[in-house]
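Colleague: I would like to learn how to read contacts, domains and helices in a model of this kind. Could we go through them one after another?

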Amino acid sequence: MEHSKTDPAGGNPSPPTVPNPPAITRRSLIGSGLAALFGAPFAKSLSGADGGLAGGGSAGRPAAPYVHRGLRQDDEIVLGVSAAFSGPSRGLGTELYRGSMAYFNELNENGGVNGRRIVMKLLDDGYQPDPCVANTIELMQDERVFLLFNYVGTPTVTRALPVLKTFRDQQVFLFFPFTGAEPQREPPYDEFAFNLRASYRQETAGLVDNFVNIGRRRVAVFYQNDAYGRSGWAGVREALARHGETIAGEATYTRGTQFSASMREQVNILLDRSPDAVICIGAYQACGAFARDAVDLGLHIPVANVSFVGSENMLQLLQEGRPDPNSHTRWLVNSQVVPSYADTSLPAVQEYGELMERYDPRPPDDVERITPNEPYETFPQSFVSLEGFVNAKLIAEIIRRMGDDPQRSGIEEAVFNVRNYDLGVGERVSFGPNRRQGLQRVYYTVVEGDRFVPLTDWEASFGMP
Amino acid sequence: MRVHKLFRKTRFSFFALFGVIVLSVSFLSIRTVSRELEVEYVSNSRSIAKNIADSSVDILLNRNLATLQSLIDQFVQIESIRYIYITSDTGEFLAHTFVPGIPDEILASDPSSTETVDRSLPGMGEFIEVGSPILSGVAGNVHVGMDEELLRLKIQRAVGQQMYLFGIILVIGTLLSFWFVSFSARPLADLMSLAVKLAGDGKATGEEDVLGRDDEVGELARLFTHVADGSARGDEGR
């Protein structure tokens, strides 16, 4: 496994390899899963089975000097990434990576951070919890990365967090995971993660508030039946409770469902409950299938999606090959946690556009090896890659603040020093011991032509007839 | 010469005895295996439900439903468990594993009951559902549904293996009993052959084996020969 490196000549980065998730036995799956949930007691057995990590190494494993962990060479800082580069959600991991690479390419070409280049060590988890746990252990134990970065998904992150807690002595933090779920924002795991994006609770609360404001009080939920879906479901439930309402109806799907699958059963379940709006907590393939079948079965009400859905990926599925590309997108309203990439009045967005065009980072080569019959078509710009870009921009700033001799022990202090920092997205970023989420703003978008654009008037777009 | 009539009942008795033993042991075994497997199945599921209930307390108190869902998602990977749902003290469904939605039968049931019940869910199958209260029910209840079809398959498999074994024992036992009866009857057949020869020409030519035996059959054979010789001498004297 190579980590991605910037071509010294200034071209595109040589792509990193992405191995298949390591083979895991049923026993190890259950063991790691329980360890992930309950933390120390079970995780210790993982540590024991693997030779242990504490103290910079253990029997049979050469001990690395503590201060050099994550510093592969004197001129490199390695960020560990476990994300979905294969499977139905691979667009998310890939676009997030591309956005970050656009920034790191430019940064590294101009001398890196305090003379050190930033590289990403990529591992594919396919948006599955158990491979993510195994990857996290590998990144911390074998690769000794400086920090963890750009993880994708709630079910994956939820299970990786206890690994961080178990190996807390190593002071490895998870930065800016691509999930708005609560587990990494609340005790007992909040101290191991730093979030940049707004939470699902904020996204769903905003959607519910806006629906209620235009008279759409009966809100149903379509969700992925796992920790991610439950997190969003809980957000909708809480928001509705503040308005004296309850969830009008709910339908679920299994993680990994493809766009080709039928969601008619789910649509019919919700049709029976006569909702005024549906909030979807899912990934782009399943949510796209639901939006398609909802229109086909006459469920003509707003269908909202949260930021994780991957708006461009979903839009591509819904418009591809249709005589009228907008036939199935009229009722979509997606919340976002970064501003529109079309809003070039914002310095970071302008920079993002320029660097994405200049570098056009390729997906990791091994993604094509893992999914040989499913070529992935990248997007020139997207909300997900913009999020990856601002994630990279902020992590570079944090590392910069650590000076010439960055050490893990100094990470937390460097993050807490970020106060009222202008990231260039129209909202200043602050962190502190009780503030582990940088951005708070949620944006709402609707489809116009072949892209999502800011929603300006809820009443005009989705008011009750 | 073969002896058929004398041991026919003995053979039949052997066969009947083996059959009765095999059938009665099989019946008893099926009942025992079936009962034990079901008890173990339910007991394990109760343990799982209790485990989830005990683990859920802090998670529920922290209102961390994503972690709660993550918890039950792991347990539902266990082969026999097909669904899990957790309800609040007010009966609200806080986390579950149903796709595409919570079945009407479950929605209509009493969420506070933790009794073991048989459920038939359309499109899903037959289930045994066990429950466990969270904090004595004041924080909610955990319900675990186990696939009854899978239990039946396990019982069938276990019983099938035992029946296969008993079948083999029955066949081998029957063959052995036949061989044993034939083996036991062989000296008697030789004695009968000797008697036929003595009754014919009075000579025991070719019957040295039975005459040489040192058991009761040998003594009887020699007695037959002696009687036959005496009878012949009597005939000559007359």
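Modeller: Let us begin with contact, a term that applies to two residues whose C-beta atoms, placed from the backbone, lie within 7 Å. This is a predicted model, in which local features need pLDDT of at least 70 and side-chain atom pairs count only at pLDDT 80 or more, while totals for chains, interfaces and linings use all residues. Residues are numbered from 1 along each chain as its sequence is written, and chains are lettered from A and ligands numbered from 1 in the order in which they are written.

Colleague: How many residues of chain A are in contact with chain B?

Modeller: In this model 27 residues of chain A are in contact with 17 residues of chain B. Helices (H or I, at least four residues) and strands (E, at least two) are DSSP runs, numbered from the N terminus, and on the chain A side at least two residues each come from α1 (26-38), α5, α7 (227-242), β7 (250-253) and α8 (264-271). The most, five residues, is given by α1(A).

Colleague: And how do the residues of that side divide by type?

Modeller: Ala, Val, Leu, Ile, Met, Phe, Trp, Tyr, Cys and Pro count as nonpolar, Asp, Glu, Lys and Arg as charged, and the others, Gly among them, as polar; on the side of chain A that touches chain B there are 12 nonpolar, eight polar and seven charged residues.

Colleague: Into which domains is chain A divided?

Modeller: Domain bounds come from an automatic or database domain assignment, which here gives domain 1 (26-197 + 342-429) and domain 2 (200-336 + 443-462) of chain A. Between them, 19 residues of domain 1 are in contact with 23 residues of domain 2. On the domain 1 side, α5(A) supplies the largest share, three residues.

Colleague: Is α3(A) mostly covered or mostly open?

Modeller: A residue is buried if 20 or more other C-beta atoms lie within 10 Å of its own, exposed if 12 or fewer, and partly exposed in between; in α3(A), 18 of the 20 residues are buried. Just after this helix, A:G111 takes a positive phi of about 100°.

Colleague: Where does A:R116 lie?

Modeller: A:R116 lies in the loop between α3 and β2 (117-124) of chain A, and A:R116 counts as buried because 21 other C-beta atoms are within 10 Å. Leaving aside neighbours within four places in sequence, A:R116 is in contact with A:D75, A:E76 and A:I77.
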